[in-house]
Each structure stands twice: as structure tokens, then as C-alpha cells.
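Dear colleague,

I am passing on a structure that I would like you to look over when you have time. My notes on what was found in it follow below the model.

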Amino acid sequence: MRSILRTVVILALLGVILYPLFWVLGSSLKSQPEMLSNAGVIPEVFTPGNYPKGWSHLDTSFGRFFVNSTIVSLLVVVGNALSCLLAAFAFARLRFRGRATWFAIMVGTLLLPGHVLIVPQFIVFRQLDLVGGEFPYLPLILPHFLATEAFFVFLMVQFMRGIPRELDEAAKIDGCTTFGVFRNVILPLSRPALVTTAIFSFIWTWNDFFRQLVYVSDLPKYTVPVALRLFIDSQGQSEIGPMFAMSVLSLLPVFLFFLAFQKMLVEGINTSGLKG
């Protein structure tokens, strides 16, 4: 009975968590009049035409927005993985003056809300003439190649501290330099932490709206979150069905990315050292 009760509670919680997702999926198959009269999950009349209508509703095909979001998200993943890994290796393995102080300052930046930094960052990028242009995504991508994500640096530092230092010493005895230790020892063993960083970086960047709205102003350059806002016009009128249809499609890349690496994500969060 205890096992049955636990299963029922888990299923009930799962239903509560997944209800908004099912509601959006059901709403993407409703017509505009039914959207106002039927608040349930299952549509009375299925309207699959919302998907092709939403795909071509704007002047630019929605596929272009998917390409833009994919470019930005993948470049951010690469930037965070490389820069945060190098910074974490320095904090976790190298000895230099003021290491503890710089690490404390880096962790302290986690207390700063991201919106507080938008204005000074915009001024800096504007002075560097990086706002706008043919590739307006540089302000969204460049900071991630400079290890500005303190959360991922902290995550990797904690992971590397669980790797025995005896491995470093054994590698140095075999003739490895500091870079050799990083490449042959730390990098292969840090794969779970790298995958965790990649997944969260992809999800956060794909769903980011405010920063992308600030820096991207040309319609063909819009990303998916900004493009979804265009379904609501200046008078407040909206194409709700097509908007929900494109919202469902925008969830697929995140879901597939997470599904492909979920095992390594759990391993990266839970692992504090070596197995076996």
C-alpha cells in the first residue's frame, strides 16, 4: 500500500507539472473562437492549420528564427564550455597570488541580477561598435567566451576538486606540462560537468528574451522568443492559436537537447569525484 500511495502521489505531482505543457499543446490545435470558449485541454474541433499558419504568419518564415536561435545558442554553448573550463582549471588546480580573493569575487557576482548589468554592457558594446551590423549577435555571444558565467565556473571548480590530485602528479612524473595535465587528465574526466554546462547554456540562451530584444532589432535577425512576441500587435490583438503552435515547436529543440544528454546531466550534477 505504501508503494501504491507513493506512485499515486508521484503521478499526481507529474500531472500538475505537465498540465501547462499539455494545455499549450491542446490550445495550439484550437480555433480562435474556441480559444475563448473552451478553457480545457482537449479541443472540441482540432485545428492543425494553426501550425502552417503560424509558420508563415510573419513576413519572415519562422524557420529563419529557428536558425538564428540555433546559431546563438550553439555558439554560447561553445563559449561557456571553453572559457569556464579554463577558468575553473585555474581556480581548482593552479596556485597564484590572490586566488581565494578572486574566486570569492567571482562567486559574489552571482548575487548581481542580470538586468542590472544590461545598461553598462550595452554602453560598452555600443562604444566598441558591436551593436547592430550584419551579425548583431556578438553582444550575446562574446561575453560567454570570457568566462562571465560564474555559475558554470563554480560548478566546474567543485567538480574538479573531487578529482584526486595524485592523477596530476602522476601525469607530471610522466613528463606532462600543466597544459598536458589539463588536456590528458582534467579535460576527459570533466565531461559530465561540460555536458551539464552545455545543457543549461543551451536552455537559458534559447529561452532568453530580454537580452535578445535589446540587441537585435532587425526582423530577419530575430530569435524565436522575440519572434513569438510579434504575434501580438500594438492594439493587443493576437493570433493565439498560431502563437501556441509556434510555442510548441520552440520547445522541441530544448526537449531533444535535454533528452540526448540527460544521463550525463544527472551524472555531472551528482558526481563529486571518480567512480569505482
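**Charges and overall form**

The mean positions of the 20 positive and 15 negative charges of the protein are 11 Å apart, where Lys and Arg count as positive and Asp and Glu as negative, with His and the chain ends not counted, and where the place of a charge is taken as NZ of Lys, CZ of Arg, CG of Asp or CD of Glu. Please keep in mind that this is a predicted model, in which local features need pLDDT of at least 70 and side-chain atom pairs count only at pLDDT 80 or more, while totals for chains, interfaces and linings use all residues. Residues are numbered from 1 along each chain as its sequence is written, and side-chain values use heavy atoms, with hydrogens and water left out.

The secondary structure comes to 14 helices and 0 strands, the elements being DSSP runs numbered from the N terminus (helices are H or I with at least four residues, strands are E with at least two). Taken along the principal axes, the C-alpha atoms fill a box of roughly 75 × 65 × 30 Å. Of the 276 residues, 39% count as buried; here buried means under 20% relative accessible area, exposed means over 50%, and partly exposed lies in between, with a 1.4 Å probe and protein chains only. Among contacts (heavy atoms within 4.5 Å) between residues at least 6 apart in sequence, 70% join residues at least 24 apart. The accessible surface comes to about 16000 Å², of which 68% belongs to carbon and sulfur atoms; such areas come from the Shrake-Rupley method with a 1.4 Å probe, and for residues only the protein chains shown count as cover.

**The salt bridge**

The structure holds 1 salt bridge, a term that stands for a side-chain nitrogen of Lys or Arg within 4 Å of a carboxyl oxygen of Asp or Glu. Arg93 forms this salt bridge with Asp168, and the closest N and O atoms are 2.5 Å apart. Because Arg93 lies in helix H4 and Asp168 in helix H9 (residues 165–173), the pair ties together parts that are 75 residues apart in sequence. Arg93 is buried, with a relative accessible area of 8%, and Asp168 likewise counts as buried, at 7%.

**Two surface patches**

Patches are made of residues with over 30% relative accessible area and no salt bridge, like charges being joined within 9 Å and nonpolar side chains (Val, Leu, Ile, Met, Phe, Trp, Tyr) within 5 Å. Val67, Ile71, Leu75, Val78, Leu82, Phe135, Leu138, Leu142, Phe145 and Leu146 make a nonpolar surface patch of about 790 Å², to which helix H4 (residues 62–93) gives the most, with 5 residues. Leu75 lies in helix H4 and is partly exposed, with a relative accessible area of 32%. Leaving aside its neighbours within four places in sequence, Leu75 is in contact with Phe135, Ile141 and Phe145. By contrast, Leu75 and Leu29, which are 46 residues apart in sequence, are 34 Å apart in space, C-alpha to C-alpha. Leu138, another member of the nonpolar patch, has its place in helix H7 and counts as partly exposed at 33% relative accessibility.

A patch of positive charge is also found on the surface, where Arg95, Arg161, Arg165 and Lys172 gather. Arg95 lies in the loop between H4 and helix H5 (99–108) and is exposed, with a relative accessible area of 69%. Arg161 is found in helix H8 (residues 150–161) and, at 47% relative accessibility, counts as partly exposed. Arg95 and Gln127 are 32 residues apart in sequence, and their C-alpha atoms are 36 Å apart in space.

**Positive phi in two loops**

Most residues other than glycine have a negative phi. Asp129, although it is not a glycine, has a positive phi of about 60°; Asp129 lies in the loop between helix H6 (118–127) and helix H7 (138–141) and counts as exposed, at 67% relative accessibility. Ala147, also not a glycine, has a positive phi of about 55°, and Ala147 lies in the loop between H7 and H8, where it is partly exposed with a relative accessible area of 23%.

With kind regards
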